[in-house]
Amino acid sequence: MLTEYLMVGEASTSDPAIHRAARVIREGGLVAFRTETVYGLGANALSESAVRKIFAAKGRPATNPIIVHAAEASKAKALVSEWPPEAQTLANAFWPGALTLVLARAGGVPAVVSAGGPTVAVRVPSDPVARALIEASGVPIAAPSANPSNRVSATTAEHVRRHLDGKIDLVLDAGPSAGGMESTVVRLTGGVPVILRPGLVSAAEIEAALGVSVAGCGISESAARRAGDADESPGMGRLHYAPQARLLVVDESALRTEIARHSLGRVGAILLGPADLPDSDSLRLLRLPADSSGYMSSFYAALHELDEWGASDILVERPPVGREWDAVQDRLRRAMGDGN
Ligand code: TXA
Ligand code: MG
C-alpha cells in the first residue's frame, strides 16, 4: 500500500488534510494523527473490519485492547454501559486530556476493540488536530500508539513513517506531540479505581481529584495485580516500549565507567541536565530537561534518535523517583525487559 503524507495547515474540520483524513477513516482506512500524548493509529471504532486493520499494521496481538477516542465526554459516555460517579469526577478534572478510563463496554462497540473483553477504554483528547479529525469523521476513533507492537511510541510523523510506511493509508503530519508520553489508564470497573498504566497525569493528581487513594500507582502491572486486578492492561507486558538498542539505567556516578565498558559499540547516553562528558563518533549524548514534564516530552524522541543513529547500547542516567516520575520509571523498566 502507498502511504499518503499530508501536512495539517490549520487544526480545524475545514482543513483540507483533516477533511481528507476523515474520509479515509469513514471509508474504513487507517490514519496516523497527532494527539497531545503520542501519535495515534486511528480507525473507525464502530467498524470491526477497520479495527482489525490496526492489529495487522502494528503486528499487535489480538488479546490487547484499544483505546477509543471521542470528541467530547457525552460521546465517550455513549460508548460505555455504566458511568460511575468517579468517571464523571475524573472526566470533569482531566478531559479533554491525557487520561483514559476503562469502563463497561456498551453494546454498540465492536468486541474486537476490547479484545473480546467486557470493558472498553475511552479518552477525550485535547490536541486540536485529534479533536478536529474525530469531529470531521463523525465517528469515535479507535487508536493505539502509532508504532509497531512492543516498540517505542511515535511522537512525530517521521517516527510513524520510519516504522509503518506502506502499512497504513495516511499520516497527518502536525509536528511533535506536546506531552511525549502516553495517557494514564485508570480502571473504574472494580469498585476501587486502579491505575493500569502510569502516564502523563500523575497518580497524585488523580487522587487529588477523587479524594481517595488509588491502587496501582506507578508500579502498574505488578501492583495492579496485587491490588486484585485480574485483567490488568494487557499491553503492559515485558519488553513493551523497547528501543532496538540495549537499554541500561545507570547512576550518574557510574556513567563514565559504563560508557567505557560499552565502548566497543556505538553508545548513546540520555542525561539529566548538563554533564561533563565529550561527544565522539561512537558516543552520542542527549541531555533532557531535569523536570518530569520536560523529560517526558522528549524521552521517546531521544530513544528514536539514538536508534536511528545506530546505537548498540543506550545508557540512561537514572531519573529521580517520586510520583511525577512514575511513568518514566515504568517505561524504563519495560524497555529493559524487566516487566516487574
Ligand atoms: O496516550 C495514549 O494513551 C495513546 C494515544 C494515541 O491516545 N494511546 C495508547 O494506546 O498508548 P496503546 O494501545 O498503545 O496503549 C493502551 C494501553 C494498553 O496497555 C492496553 O492494553 C490498555 O491501554 N487498554 C486498552 N483498552 C483496555 C481495556 N479495555 N482494559 C484494560 N486495558 C486496556
Ligand atoms: Mg502503545
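The buried residues of helix H1 pack against strands E1 (4-7), E2 (31-34), E3 (39-44), E7 (141-142) and E8 (170-173), and against helix H5 (128-137). The model is predicted, with a mean pLDDT of 92 for the chain. Ligand 1 has 26 residues around it, and the protein buries 98% of the 680 Å² that the ligand exposes when taken alone.

**Helix H1**

- H1 spans residues 16-26, and its buried residues are Ala17, Ile18, Ala21, Ala22, Val24 and Ile25.
- These residues lie on the same side of H1 because they cover an arc of only 155° around the axis.
- An α-helix has 3.6 residues a turn, so residues three or four places apart point the same way.
- Pro16 and His19 are exposed, and they sit on the face of H1 turned away from its buried side.
- The N-terminal end of H1 is capped by aspartate 15, which has a side-chain oxygen 3.1 Å from the backbone nitrogen of alanine 17.
- After H1 comes glycine 28, with a positive phi near 90°.

**Ligand 1**

- The residues that come nearest to ligand 1 are Thr37, Asn64, His69, Ser183 and Arg197.
- Serine 183 has a side-chain N or O atom 2.6 Å from an oxygen atom of ligand 1.
- For arginine 197, a polar side-chain atom is 2.8 Å from an oxygen atom of the ligand.
- Arginine 123 also places a polar side-chain atom by an oxygen atom of ligand 1, at 3.1 Å.
- Strands E4 (67-69), E6 (119-123) and E10 (194-197) are the elements that give two or more residues to the shell around ligand 1.
- E6 contributes four residues to this shell, the most of any element.

**Methionine 336**

- Methionine 336 is in the segment after helix H11 (326-335).
- Methionine 336 counts as partly exposed because its relative accessibility is 35%, a value between the limits of 20% for buried and 50% for exposed.
- Leaving aside residues up to four places away in sequence, methionine 336 touches Leu247, Leu248 and Val249.
- Between methionine 336 and aspartate 165 there are 26 Å in space, C-alpha to C-alpha, and the two are 171 residues apart in sequence.

**Confidence**

- A pLDDT of 70 or more is reached by 92% of the residues in the chain.
- Residues 218-231 have pLDDT under 50 throughout.
- For that stretch, 218-231, the model has 32 contacts beyond four places in sequence.

Note on methods. Residues are numbered from 1 along each chain as its sequence is written. Chains are lettered from A and ligands numbered from 1 in the order in which they are written. This is a predicted model: local features need pLDDT of at least 70, side-chain atom pairs count only at pLDDT 80 or more; totals for chains, interfaces and linings use all residues. Side-chain values use heavy atoms; hydrogens and water are left out. pLDDT is the predictor's confidence in each residue, from 0 to 100. Contact means heavy atoms within 4.5 Å. Buried means under 20% relative accessible area, exposed over 50%, partly exposed in between (1.4 Å probe, protein chains only). The arc is that of the directions from the helix axis to the C-beta atoms. A polar contact is a pair of N or O atoms within 3.5 Å; within protein, one must be able to donate a hydrogen and the other to accept it, and residues adjacent in sequence count only if both atoms are side-chain atoms. A residue is near a molecule or strand if one of its heavy atoms lies within 4 Å of it. Accessible areas come from the Shrake-Rupley method with a 1.4 Å probe; for residues, only the protein chains shown count as cover.
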